[in-house]
Amino acid sequence: MIEVLKTFVCPNCGSGKRIIDGIKDEEVASGKVDKELVVGSAVRHLAVFDPKKASGLLRCPVIVIVQDICAECGTEYICYIGKTEGRPQIGPPPGMPPGQGINLPPGFPMGRG
Ligand SMILES: [Zn+2]
């Protein structure tokens, strides 16, 4: 469950209509995807944790930044920023292309298994 912290409309034309979100709505209506699914042209997850403190590795706040494309003028923009809770992960979560996962800071000790 994502708590939405801030939403934005298109900075170019002021429309709130989004292309990918619109496609999702059609899929939700036909029952193929869940309403809670987060979609966009780019979805970034940023874990806020201190690698030196073990407690932060179990549960930590995760900021979710969602970009989409304006259905009116085609501008790509950040449409909302949300917050959830999760665990820092090595590599991208399942189903997410490489490079869009939670990135660990340089020098973070990597496990061997
Ligand atoms: Zn626009």
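V62 stands opposite T84 in strand β4. This pair belongs to a predicted model, in which local features need pLDDT of at least 70, side-chain atom pairs count only at pLDDT 80 or more, and totals for chains, interfaces and linings use all residues. Residues are numbered from 1 along each chain as its sequence is written.

The protein has two helices and four strands. Helices (H or I, at least four residues) and strands (E, at least two) are DSSP runs, numbered from the N terminus. From that end, the elements follow the order β-α-β-α-β-β.

The four strands form an open sheet. Its order is β1-β4-β3-β2, and the pairing is antiparallel. Two strands count as paired if DSSP finds at least two bridges between them. Strands β1 and β2 (42–47) stand at the edges. Each has a single partner strand, so one side of each is left without a neighbour in the sheet. Neighbouring strands are turned by 20 degrees against each other on average, direction ignored. Here the axes are lines fitted to C-alpha atoms, for helices over the stretch in contact, and angles run from 0 to 180 degrees between N-to-C directions.

The pairings can be taken one by one. β1 pairs with β4 (residues 76–86) in the antiparallel sense, over four bridges. In β4, I81 stands opposite K6. β3 and β4 run antiparallel and are joined by 10 bridges. The hairpin of β3 and β4 has six residues between the strands. In this hairpin, G74 takes a positive phi near 85 degrees. β2 is joined to β3 (residues 60–69) by six bridges, and these two strands also run antiparallel. The bridge partner of V43 is V66 in β3. In a regular strand the side chains alternate between the two faces of the sheet.

Burial was computed next. A residue is buried if 20 or more other C-beta atoms lie within 10 Å of its own, exposed if 12 or fewer, and partly exposed in between, with C-beta atoms placed from the backbone. By this rule, 14% of the 113 residues count as buried. In strand β1 (residues 3–7), the number buried is zero out of five residues, so this strand lies largely in the open.

Contacts join residues whose C-beta atoms, placed from the backbone, lie within 7 Å. Among contacts between residues at least 6 apart in sequence, 59% join residues at least 24 apart.

Definitions and conventions
Contact = placed C-beta atoms within 7 Å.
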